[in-house]
Amino acid sequence: MNSDIRKNLLDIENKIALTTEEAGRRLGDVKLLAVSKTYPVETIKEAYLAGQRLFGENKVQELEVKAPVLPEDIEWHLIGHLQSNKVAKAVEYAKYIHSVDSSKLIKKIDRIAEEKSKRPKIFIEVNISGEESKYGTESSQIMDLVKVALECKNLELVGLMTMAPFNADNAELSSVFAGLKKLRDSLEAKFNINMPELSMGMSSDFEIAIKEGATIVRIGTSIFGKRNYNI
Ligand SMILES: *Cc1c(COP(=O)(O)O)cnc(C)c1O
């Protein structure tokens, strides 16, 4: 057992709890998603033995290898860009898909979920900052996507997700996260729906995200250490 992982998980859980209280929010309002991409199943097992149950992968190719050999009570979240030809595997293994950014993708997820008798929970990924290189739908397109998702019977739209721009300072991070919450609030009002989840915040900025309303933070490096993309 790598005691670092257990300790890191405890550290992060404590920071989440502290920040949640400081923000005047209820303990338990913020879930920790352990982002295990590039890490082998042995490492994920260590986090599992330390009590962690929510894990995130950004590639379907990794998810489909890891999920079948790990305990069934792990809740898998797909957080990376989803290609159309990978939807079947994604729906097979992921209970949550955070990276939904087109109506075509929503319809395909719905169709495949019906075939497989699944009901994935989806987030619409929004490019709040307007940065060019990022995935995610533009804020201006979001109404159309919500409409399409609400017509689908085999998936559940649970919230919005965003990635903050790289190298943003704290003020910009706050404004991006606050922007996602504001957009969510306005969509809830407009469509008279409940979209409780805001997936935002990573190792370097999750405390800011929690202050701005995150309900699920996606943390990799602070739990597992620096990733080595060469392996
Ligand atoms: C890798 C990744 C994370 C985690 O990033 P860390 O900085 O390692 O905490 C969060 N969200 C997405 C979409 C990712 O791909």
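**Ligand site and other details**

Reply: In this predicted model, a polar side-chain atom of R218 is 2.9 Å from a nitrogen atom of the ligand.

Me: How much of the ligand's accessible area does the protein cover?

Reply: The protein covers 91% of it, where the ligand on its own has 390 Å².

Me: And where does the ligand sit?

Reply: It is in the largest pocket.

Me: Which residues surround it?

Reply: The ligand has V35, K37, I79, M163 and M202 around it, along with S203, R218, I219, G220, T221 and R227.

Me: How does that shell split by class?

Reply: Five residues of the shell are nonpolar, three are polar and three are charged.

Me: OK, switching topic. How many aromatic pairs does the structure hold?

Reply: It holds three aromatic pairs. In one of them, F55 and W76 have ring centres 5.9 Å apart and planes at 40°, so that pair counts as tilted.

Me: Why tilted, at that angle?

Reply: Because planes under 30 degrees apart count as stacked and those over 60 as edge-to-face, with the rest called tilted. The 40° between F55 and W76 therefore makes the pair tilted.

Me: Which strands do F55 and W76 belong to?

Reply: F55 is in strand β2, residues 54-57, and W76 is in strand β3, residues 75-78. The pair therefore ties together parts that are 21 residues apart in sequence.

Me: Now the backbone. What is the phi of T38?

Reply: T38 has a positive phi, about 70°, although T38 is not a glycine. T38 is in the loop between β1 (31-35) and α2 (41-49).

Me: What about N192, what is its phi, and where does it lie?

Reply: N192 is not a glycine, yet its phi is positive at about 55°. N192 lies in the loop that runs between α7 (170-191) and β7 (197-199).

How values were computed. Residues are numbered from 1 along each chain as its sequence is written. This is a predicted model: local features need pLDDT of at least 70, side-chain atom pairs count only at pLDDT 80 or more; totals for chains, interfaces and linings use all residues. Side-chain values use heavy atoms; hydrogens and water are left out. A residue is near a molecule or strand if one of its heavy atoms lies within 4 Å of it. A polar contact is a pair of N or O atoms within 3.5 Å; within protein, one must be able to donate a hydrogen and the other to accept it, and residues adjacent in sequence count only if both atoms are side-chain atoms. Accessible areas come from the Shrake-Rupley method with a 1.4 Å probe; for residues, only the protein chains shown count as cover. On a 1 Å grid over the protein atoms alone, a cavity is a set of points where a 1.4 Å probe fits but cannot get out, and a pocket is an open set with protein on both sides within 12 Å along at least five of seven lines; lining residues have an atom within 4 Å of a point. A molecule sits in a cavity or pocket if more than half of its atoms lie within 2 Å of its grid points. Ala, Val, Leu, Ile, Met, Phe, Trp, Tyr, Cys and Pro count as nonpolar, Asp, Glu, Lys and Arg as charged, and the others, Gly among them, as polar. Rings of Phe, Tyr and Trp (its six-membered ring) pair if their centres lie within 6.5 Å; planes under 30 degrees apart count as stacked, over 60 as edge-to-face and the rest as tilted. Helices (H or I, at least four residues) and strands (E, at least two) are DSSP runs, numbered from the N terminus.
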